[in-house]
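Have the sequence and the 3D view open side by side as you read.

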Amino acid sequence: MDDAIIHRLWIIAGVLAGLLIVAPGLIWLERRMLALWQDRYGPNRAGPFGLLIVLADTLKLFFKEDWIPPFADKFVFVIAPTIVVVTVLLSFIVVPFAPGVMVSDLNIGILYFLAMSSLGAYSIILGGWASNNKYSLLGAMRGAAQMISYEVFMGLSMMGVVLLSGSFSLNTIVEAQKDMWFIIPQFAGFVIFLIAGIAETHRLPFDIPESESELIAGFHSEYSSMKFGLFFVGEYLGIILISSLTVSLYFGGWLGPDFLPPLLWFCLKTFAFICFFILLRASLPRPRYDQLMEYGWKIMLPIALLNLVVTAGVILMYK
Amino acid sequence: MFSIVRSLWITFLHMFHKRETVQYPEQKNKLTTRWRGRIVLTRDPDMGERCVGCYLCAAACPVDCISLQATEDESGRRYPEFFRINFSRCIFCGFCEEACPTYAIQLIPDFEMSEYNRQNLVYEKNELLIDGPGKHPGYNFYNIAGVAISGKGKGENDNEMPPIDTKSLLP
């Protein structure tokens, strides 16, 4: 094997290990941050700052009874939670963590990401369907409708960035932001992308497929033990993915002043967005399902289209 | 849209507020004196048991967690032969305290009585009795009641008149 392949394998292993360590760590981070914003302390007993709660949570998930309901479609039931983790992890292939530190610089990076996040919707639909439970099915239906409709203008909002940088490759997009981060010319696109991203990861306030207060837990109400854990990990990986994509597309990715290495810049920016996701959870109530759809199709889609047209026009004018 | 940003900002500011949590085993909440916690049996100022074994607490108890057996000592004072409270049943309602005519049974501000063994929650009289008058210092039932015990006949208390001879017609 030549050195390039070995180098690539090291990067894959590093990214995989990093993500799978950080994703459960986010459970701790989320609980601590939520507590911070609700004037509490959060988990602070096990280990320094309660960090060992991650270990305890993981162990608890492993030792819980792994129960498959007798009325469930067993094969689909088992396969559903893996889909979300696999698709999200595959999406990380195109994320540029630092110059040279990315698994593969696909020239269709953004399209690939969109395709993978669409596949992620299968996890919810299949999980809800296989559970053979009214609430799960309702959650799955909501999830499917939400993810498909929000994907539409998520893609459209990213097109502004593609127009500005002239490439679908995330590496090129990051490098195109050397002089100016795309947040400035593409502010509307950024806001739409962020909202769509929240809906895509079905995080609060758009956690309508789960909505524990009305649908118990939506599509994963029948799941227990590590199968539930996979949905959980998938959700947190989704947060990391959307945060890192937002950073790469609009906040200059690993670009930053020289006193910190590029990888650290990327991690810092991503961390800020992860915290923002948690802040959203801490402060906003969940909209009704029809409000969500109305919001998506009647407001976000026209704005995304307008943003695209105006960006294209301005680029044509100055060319 | 503005209200969303505003609520985000307000939530963010909560980061700098004071924490509401009381770190329990290290920090403790101040309990008021009327807090209904562990039940104790108190004593007179002269260290005699206050409980006269009237069974009113056991009758008042809605969950029947009190059991006792009254008896009498050689001086004529009634006292409980055994007094047993099953704290695994007790709901800390305080009815026993209200029912008690001699201020003997009292609820005190202490709730840390967890046990690994359920049987250890059954408190016997020696565990319930404390060496003090509790919330009613200076109160001594036999110094107020008109009951005769050895060393104190009827009508010999302070603020008490000798008993009226009901057989006599004289005023």
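What follows goes from a pair of helices to a sheet, then to a single residue and the contact between the chains.

This is a predicted model, in which local features need pLDDT of at least 70 and side-chain atom pairs count only at pLDDT 80 or more, while totals for chains, interfaces and linings use all residues. Residues are numbered from 1 along each chain as its sequence is written, and chains are lettered from A and ligands numbered from 1 in the order in which they are written.

Start in chain A with helix 7 (residues 187–200) and helix 9 (residues 225–250). Helices (H or I, at least four residues) and strands (E, at least two) are DSSP runs, numbered from the N terminus. The axes of these two helices come within 10 Å and cross at roughly 165°. Axes here are lines fitted to C-alpha atoms, for helices over the stretch in contact, and angles run from 0 to 180 degrees between N-to-C directions. The crossing angle therefore makes helix 7 of chain A roughly antiparallel to helix 9 of chain A; angles under 35 degrees count as roughly parallel, over 145 as roughly antiparallel, 65 to 115 as roughly perpendicular and the rest as oblique.

Which residues meet there? On the helix 7 side of chain A they are A:Phe190, A:Phe193, A:Leu194, A:Gly197 and A:Glu200, and on the helix 9 side A:Ile242, A:Thr246, A:Leu249 and A:Tyr250. Two residues are in contact if their C-beta atoms, placed from the backbone, lie within 7 Å.

Now turn to chain B, where 3 strands form an open, antiparallel sheet in the order 2-3-5. Two strands pair if DSSP finds at least two bridges between them. Strand 2 (residues 66–72) and strand 3 (residues 78–86) of chain B share 7 bridges, and B:Ala70 stands opposite B:Pro80. These two strands form a hairpin with 5 residues between them, and B:Gly76 in the turn has a positive phi of about 95°. On to strand 5 of chain B: strand 3 pairs with it over 2 bridges, with B:Asn86 opposite B:Val122.

Next, find B:Trp35 in the loop between helix 1 (2–13) and strand 1 (39–41) of chain B. The C-alpha atoms of B:Trp35 and B:Asp110 are 8.1 Å apart, although 75 residues separate the two along the chain.

Finally, the chains meet: 11 residues of chain B are in contact with 10 residues of chain A.
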